[in-house]
Amino acid sequence: MDKAKRRSLKVLGATLGASAFAYAMAPLREFTKDLTIDQFLQKHYKELTKADLAALVERLERETKQAYGKEVHIQDFRPMENVEFGYALNLSVCIGCRKCAEACHFENNHDRATNNSYIRVLEMEQGSFDLEKGNAHYDHAVPAPGKYYMPVQCQQCDNAPCVKVCPVQATWKEKDGIVVVDYNWCIGCRYCEAACPYHARRFNWTKPEVPTDEINPNQGLLSNRIRPQGVVEKCTFCLHRTRQGQLPACLEACPTGARVFGNMLDPKSEIRWVLEHKRVFILKEELGTRPRFFYFFDS
Amino acid sequence: MKAPDIAPVLSYPRFLWRVVRLAFEGSFAYYAAMTVLTAVMLVGANAWSHQLADGMIRTNMSDHVSWGLYIANFTFAVGLAAGAVMMVIPAYLYDDDEMHDVVLLGEVLAIAAILVCTGFIVADMGRPDRFWHIIPGVGRFNWPISMLTWDVIALNGYLALNLHICGYLVYMKYLGRRPQKRWYLPFVFLSIGWAISIHSVTAFLYAGLGGRPFWNSALLAPRFIASAFITGPAFVIALLYGVRATVPSFRFGDGPVKLLSSVLRVTILLNLFMFGSEQFTEFYTGGAHTTSSRYLFFGLHGHHALVPWIWTAVLLNITSAVLVHLPASRRDPRVLLAGCGAAFGGVWIEKGMGLIVPGFVPSTLHEIVEYTPSVAEWKISAGLWAFGGLVLLVLLKIVLPVLTGELSDKPDAPSAMPSSRRL
């Protein structure tokens with residue numbers, strides 16, 4: 001083959017290659033068109049100044065309006081002084097109605113298509129504590145004979161494996177014991193999902209879909225604001241409510257009063273009374289995670 | 001004081017230019033291989049850009065099985081990169097001259113494998129646009145607490161070490177100079193320890209998780225190292241035969257293949273022994289700790305997705321052990337190569353689908369959600385391996401002519417371009 005022919009073949013090859021590459025990568029435009037410079041350069045939550053924070057909240061509200069057509073109010077709720085939250089659940093009273101899981105779904109603006117919730121309710125066999133005999137997919141009238149029910153959500157561990165493994169400090173434990181995620185910083189590696197022993201973390205496999213009229217507009221920056229695609233989220237004990245003195249949505253929805261929530265540092269609180277008078281236990285104590293979520297049976 | 005010798009610095013751009021030109025010159029077979037690899041890579045790139053646009057929903061992973069084919073391949077590729085050190089140790093520690101002649105091939109393999117690892121991590125990230133968050137000093141690097149940050153250091157450090165060693169030795173050879181020991185020997189010794197560290201740290205990623213009893217074993221890191229020393233030598237043996245068949249001007253003795261086969265004979269048995277030891281502990285003890293293993297080997301409550309995978313792995317591993325121990329494997333390269341292929345495939349499954357996925361089944365709340373990779377995951381994985389193949393091919397295309405003297409700075413050396421078309 002002569003040189004000129006060889007050369008023209010190469011040019012042809014290079015042109016074909018370049019156009020094939022452009023074609024292959026075309027769907028990327030869908031991703032980059034939504035990615036602004038502000039989003040790309042967004043600083044970590046802990047590095048934000050007051051002005052940064054205001055700008056961020058303003059931007060997030062604007063983006064939510066654009067994407068979901070709803071005016072929402074996002075606030076940065078900070079931990080209160082002398083408060084460490086604790087949560088207890090009375091397994092003798094819980095009937096497994098899953099009202100808590102449903103309330104969580106709506107309160108926290110979860111994706112409708114997946115019916116996501118931070119709470120899973122396990123139907124357990126009477127006389128057994130073996131999770132393997134539990135069933136999260138029961139579909140019959142409750143309570144069923146011979147069964148008891150154990151809702152599981154984030155245990156807000158004091159020694160949280162998820163916080164330990166995060167390579168970029170996108171998740172951390174706050175002063176009041178709540179483990180939060182910076183949705184603008186998470187890189188979506190899902191190491192925390194692998195590390196959590198309680199199946200408490202969820203990943204946004206795609207953009208969450210919430211109908212405009214069902215969006216809860218009272219949103220916390222570190223809690224129930226609509227999460228971006230590709231990041232991890234989790235239960236925050238409804239910090240946008242509880243840091244304002246309200247109760248978590250799951251507790252308010254519970255028809256049997258199985259749930260007790262409060263400040264563990266307050267000697268007069270109901271949670272303290274439960275911890276002091278009931279024989280409480282924690283899930284998977286042997287792992288040393290030191291949960292702030294307690295279970296008990298009425299004796 | 002003598003003025004510093006800057007000639008090598010001045011001729012470096014010319015070297016780079018010649019190397020780049022060389023990468024785009026070649027025989028019909030070379031072009032064909034490049035075209036096929038590029039095509040597969042583009043299929044992967046296309047699937048990846050769809051995944052980025054639509055989200056990880058394009059994969060079959062879930063909140064229950066949150067790592068799948070990508071992390072499986074990542075784990076395996078780290079082993080491949082670490083395994084290449086089985087050439088470096090004899091070449092530099094034991095002064096095996098014949099191994100020394102071909103040791104650069106192992107280092108080139110390590111470079112390609114590490115790039116594949118990085119690719120699989122990026123493919124697994126939900127937000128690759130936030131990659132800068134993990135750069136030490138720029139983002140927020142959770143070191144030393146998160147094992148993943150150790151892995152970032154280990155993998156990038158290993159890449160840098162191998163790039164330096166290869167780059168320096170190849171360039172000196174090109175210039176016709178004697179490489180100075182102080183510029184590469186300390187790095188070579190460092191890279192030996194580093195190779196062990198990359199795979200240990202990768203094992204610790206999983207072994208450190210108390211909530212996943214299937215991975216939470218002290219034997220995981222030793223098993224990873226043993227199986228890395230299967231895949232590395234198995235791949236290099238095949239590579240050496242391939243190079244001998246396609247680049248006759250690059251001459252080397254039979255010593256390296258002999259030595260690597262001996263390594264393989266030991267590591268395959270060692271790996272099987274540790275594998276068996278792990279299964280003994282699991283199944284003899286029984287109880288809830290064993291659930292994942294029961295699911296993996298026999299299925300659980302009507303779910304069997306991984307059973308064919310793991311038994312294939314067991315079969316391949318045993319077959320490879322038999323093949324490489326047959327006396328014929330010393331005479332007939334086909335027997336040896338079949339053994340290498342079986343070992344490579346067996347470890348790929350054992351360390352990938354047979355290790356990463358069962359860690360998630362059943363979930364931490366003992367729900368059974370199965371996982372089979374999606375088409376997009378297969379495409380992206382194939383694309384990344386094709387990318388690795390491309391890197392390896394181009395690097396060999398550059399390194400081999402330098403080693404044979406066909407590409408050289410010396411004006412009297414034979415012209416590089418025509419003869420190098422053989423590859």
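Good morning. In this structure, 50 residues of chain A are in contact with 42 residues of chain B, two residues being in contact if their C-beta atoms, placed from the backbone, lie within 7 Å. The model is a predicted one, in which local features need pLDDT of at least 70 and side-chain atom pairs count only at pLDDT 80 or more, while totals for chains, interfaces and linings use all residues. Residues are numbered from 1 along each chain as its sequence is written, and chains are lettered from A in the order in which they are written.

Which element supplies the largest share of the side of chain A that touches chain B? It is α1(A), with five residues. Helices here are DSSP runs of H or I with at least four residues, numbered from the N terminus. By class, that side of chain A has 32 nonpolar, nine polar and nine charged residues. Ala, Val, Leu, Ile, Met, Phe, Trp, Tyr, Cys and Pro count as nonpolar, Asp, Glu, Lys and Arg as charged, and the others, Gly among them, as polar.

I turn now to chain B. Helix α6 (residues 97-124) and helix α7 (residues 147-175) of chain B pack with their axes 9 Å apart, at an angle of about 145 degrees. Axes are lines fitted to C-alpha atoms over the stretch in contact, and angles run from 0 to 180 degrees between N-to-C directions. The residues of this contact between α6(B) and α7(B) divide into 13 nonpolar, two polar and one charged.

Finally, B:Cys117 touches B:Phe74, B:Ala77, B:Val78, B:Ala81 and B:Leu155, leaving aside residues up to four places away in sequence. Thank you.

How values were computed: Helices (H or I, at least four residues) and strands (E, at least two) are DSSP runs, numbered from the N terminus.
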